[in-house]
Amino acid sequence: MPVVLVMLMASAIGLQALRERGGELPTGADSLLYVRSPGAVQRLALSYKSILADVYWIRAVQLYGDTKLGRTADRSYSRLYPLLELATTLDPYFDVAYQFGALFLAEAPPGGPGRPDLAIALLQRGLEAQPDDWQLYQAIGFVHYWSTQDYAAAADWFGRASRLPGAPTWMGPLAAVTLAEGGNRKASRLLWRQIQESAADDWFRAEADRRLKQLDAMDQIDLLQRVVATFSEEQGRPPAGWPDLARAGYVRGAVVDPTGLPYRLEGSTVSLDPTSRLLPLPREGGRP
Amino acid sequence: MSAIRTVGTVAVSVFRESVRDKVLYNLVAFAVLLMAASYLIGQLTAGQDIKIIKDLGLAAIATFGLMIAVFIGIGLVWKEVERRSIYSLLSKPLSRAEFILGKYCGLGLTLVVNVVVMVVAWYIVLAYMATTVPPEVRAAWPAPATDLGMLRAVGLILVELMLVTAIALFFSTFSSPFLSAGLTLGLWVIGHFNADLKNFEAVVDSRAAAWFAHGLYYVLPNFSAFDIKQQVVYAQAVPASYLATTALYGAVYIALLLAASVAVFSRRDFK
């Protein structure tokens, strides 16, 4: 009997390996959203609403990550909002789903769907359940600041957040700075530094750290661009590369971005390495 | 006094039988599930590990308990009849009411032991996970990882499970296990749609249908009332009056079902 069992087990393992050698089947089923109606899901969940909300949240995180890393055929993030909507319908107090979800939705392509309108819609849903949650107001202001670059709207939402119970003391000054200096790197740096210091989550803190590094990289690129322009003007030709600039004494040491990757120099243009995790850099300017 | 002792004797024998039947093995499954989840959740999601373990623990306690209540409850009476041991049992100084109550209390004891062990394991996992999180992150949580306020939800889950056991036992007094399982689970599902029955007039024009649905709302057990998992995870206020009336509602419904079970079982002819 034991021999038969071992033989059957070995056969099952062998067949598994044989099937795998034939390649994977197309993964169309993964793109399905089994139930689209939040109302229906809420009813069907019976007493498992919270755990089902967690499942939908994990699916949203996985979808965002897989799409961002290019592991899915569909690069449109089209299921991201429905998944977040389902998660927050099942658990209307799911703060992280609102805040991270909005961050995911507002992120510009290819790092995200570039849908600040959906990000704001998601956060507005959160406000229906928690009208006194200052963090949701701050998050809406944040989307206006970073994605739609409507600094007046951003300052308005930061101001509303500052008047709510529990809001940190820096929220009021942030609203004022945003209104006065919105769009410049100083105001952006202030915003991200406050988020980095007050974040209740490692992921958010890491994201704030990445955004601050982006701002540092933008400053460094501007500086390097000026160095290249000076070199071109003085030498009468664009530099052939960083060693060329180093030999002439314009730069010293390795010319690397805040993550340690070398900057690219093509002609007279300085840019980040295409594999840098700081890409895409935020757009500057916007509506005053 | 002797009736209580008799009920106790039957209850202890049901508990011992469930131990012999390896029902408590589910505790191992629960512990493995929680430990595996606590490791995996951190890899799968951006933050929220503690919230998810809280949700998962409460859902798992409710589900494991439900499976025990239904699948053991439906066999409580049927097994004795099928094995014909009912003849020797009823020939002893044991009334049919004592038999039914003893069976119910025995499964209740099994459920209580299960739930208590699962809750202890769950709190240990939560306490361990809390140690892996920096203090500034812990400070932002709505409640500590091992918030004892969550026991309010566990208490109502236990009342819910006792009610499910009473339903399973009731069906077990007159029908086959397969049918009893279907009817018990069916009633449990319908019991979660009670709020819809109450507001049925919003979806149908017929006044008679609306009144009928309204009547069902009051007659059928309202299982959704026992679900306060979301509230306790977010440390939201659940009034003591709500907990008391819901627990009392469960107790009254259980008494009703046990009385009905005794009535049905007393009329059964085993000749």
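Within chain A of this predicted model, confidence is lowest in helix α9 (residues 171–181) of chain A, with a mean of 77, and highest in helix α6 (residues 116–129) of chain A, with 94; the score in question is pLDDT, the predictor's confidence in each residue on a scale from 0 to 100. The average pLDDT of chain A is 84, and 91% of its residues score at least 70. Chain B averages 87, with 97% of the residues at 70 or above, and its confidence runs from a mean of 75 in helix α2 (residues 25–44) of chain B, the lowest, to 95 in helix α8 (residues 151–172) of chain B, the highest. For the model, the scores are ipTM 0.77 and pTM 0.74. Residues are numbered from 1 along each chain as its sequence is written, while chains are lettered from A and ligands numbered from 1 in the order in which they are written. As the model is a predicted one, local features need pLDDT of at least 70 and side-chain atom pairs count only at pLDDT 80 or more, whereas totals for chains, interfaces and linings use all residues.

Chain A contains 12 helices and 2 strands, these being DSSP runs numbered from the N terminus (helices, H or I, at least four residues; strands, E, at least two). The C-alpha trace of chain A spans about 85 × 55 × 30 Å along its principal axes.

The interface between the chains brings 21 residues of chain B into contact with 20 residues of chain A, a contact requiring C-beta atoms, placed from the backbone, to lie within 7 Å. On the side of chain B that touches chain A, α3 (49–73) and α12 (229–233) of chain B each supply at least two residues, and α3(B) gives the largest share, 5 residues. That side of chain B comprises 13 nonpolar, 5 polar and 3 charged residues, where Ala, Val, Leu, Ile, Met, Phe, Trp, Tyr, Cys and Pro count as nonpolar, Asp, Glu, Lys and Arg as charged, and the others, Gly among them, as polar.

Notes:
Two residues are in contact if their C-beta atoms, placed from the backbone, lie within 7 Å.
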